[in-house]
Amino acid sequence: MRRILLLFSFLLACAASAGGWGFYAHQRINRQAVFTLPPEMIGFYKQHVAYITEQAVAPDKRRYAVPEEGARHFIDLDVYGDSAAYKLPRRWEDAVSQFTLDTLQRHGIVPWHINFMQYQLTEAFKQHDVQRILRVSAELGHYVADACVPLHTTKNYNGQFTNQRGIHGLWESRLPELWSLDYDFFLGPPQLLKNPSRTAWDIVARSNTALDSVFTFERQVTQHLPEDKKYSLEERGTTTVKVYSREFSKEYHQALQGQVERQMRLATHLVASFWYTAWVNAGQPNLKNLQPLTPEQRQQLEADKVTFQTGEHDDR
């Protein structure tokens, strides 16, 4: 029994540190996003849907190999005081100047990193760089989805300060794995984001407002069900593991009144919208037959980069 409990503790720790949504949900979000794209894009993305789906989890897989990777998945808004999502500097350079790089890395940089990845994807479209388009699309999808997880906006990300340890994996992995086949992923077409940077901050602000429900309803269901109803044993391959029971998970899922589904739908729509916006801002290149850039196009692209780097642009 002690061995099972130790394994359970290990699994909860992994769930808490492995990034948002878990592998299953991240891959589903990226895959579903592909099928909402407009005709000019969907053929290209469907052709590579297996890669886009599989690589949705690449950022999580390298968290232990790349020290700076972890900070890209979250932001502890509560360490910066009230209304932090609206008061923190939008420009990365201003944020580093105000708080130092170490502080930002310690408390997460997901909205800034989404903006950086959006720029990278736009550049990849401009360069007609197929491999880079695919890689950055898949990884941008991961970070956008992470920002839609309420527990990625607080230092109490796993309930460790409120005696709710394990809530991270419960909300973002256990519930989607059990119930997301019933979710409605028939979404409208992606939207052109007028200001992707602002949208990234709007995402974390919205996610943060959902935190009270995440913690409150878990506590209520825990008080309602006896301890022996909260967990159960399940076979995972050749291993028996202790997990949140289906009964507990169902009551918690119902108490949240569709919150997990809403956030997954939001993540899917936003991922497609960030892809679409990058493509539009890159000049809507023909994805059916991406040709290498001509010398004239490369010259213009370099001129555009100089303009961007010298600050002659509006990033409000």
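Guide: A salt bridge is a side-chain nitrogen of Lys or Arg within 4 Å of a carboxyl oxygen of Asp or Glu. The model shown here is predicted.

Visitor: Why is the contact of E123 with K126 called a salt bridge?

Guide: The closest N and O atoms of E123 and K126 are 3.6 Å apart. The cut-off is 4 Å, so the pair counts as a salt bridge. Both residues lie in helix α9, three residues apart, which is about one turn of the helix.

Visitor: What makes E123 buried?

Guide: E123 has a relative accessible area of 5%. Buried means under 20%, so E123 is buried.

Visitor: How do you know that E234 forms a salt bridge with R174?

Guide: Their closest N and O atoms are 2.8 Å apart, and the limit is 4 Å, so the pair qualifies. The pair links distant parts of the chain: E234 belongs to strand β1 and R174 to helix α11, 60 residues apart. R174 is buried, because its relative accessible area of 8% is under 20%.

Visitor: How many salt bridges does a search of the whole structure find?

Guide: The search finds ten. Among the residues involved, R62, E69, R72 and E139 are linked in a network.

Visitor: Why is the aromatic pair of W92 and W112 called edge-to-face?

Guide: The angle between the planes is 65°. Planes over 60 degrees apart count as edge-to-face, so the name applies. The centres are 5.6 Å apart, and the limit for a pair is 6.5 Å, so the rings do pair. W92 is in helix α7 and W112 in helix α9, 20 residues apart.

Visitor: Why is W92 called partly exposed?

Guide: W92 has 29% relative accessibility. Buried needs under 20% and exposed over 50%, so W92 falls in between. W112 has a relative accessible area of 6% and is therefore buried.

Visitor: What makes the pair of Y183 and F185 tilted?

Guide: The planes of Y183 and F185 are at 50°. Stacked needs under 30 degrees and edge-to-face over 60, so this pair is tilted. The ring centres are 6.4 Å apart, within the 6.5 Å limit. Both residues are buried.

Visitor: Which residues form one aromatic cluster?

Guide: Y231, Y244, F248 and Y252 do. The structure holds eleven aromatic pairs.

Visitor: What does the secondary structure of the protein chain come to?

Guide: The chain has 17 helices and two strands. Of its 316 residues, 52% are buried.

How values were computed. Residues are numbered from 1 along each chain as its sequence is written. This is a predicted model: local features need pLDDT of at least 70, side-chain atom pairs count only at pLDDT 80 or more; totals for chains, interfaces and linings use all residues. Side-chain values use heavy atoms; hydrogens and water are left out. Rings of Phe, Tyr and Trp (its six-membered ring) pair if their centres lie within 6.5 Å; planes under 30 degrees apart count as stacked, over 60 as edge-to-face and the rest as tilted. Helices (H or I, at least four residues) and strands (E, at least two) are DSSP runs, numbered from the N terminus. Buried means under 20% relative accessible area, exposed over 50%, partly exposed in between (1.4 Å probe, protein chains only).
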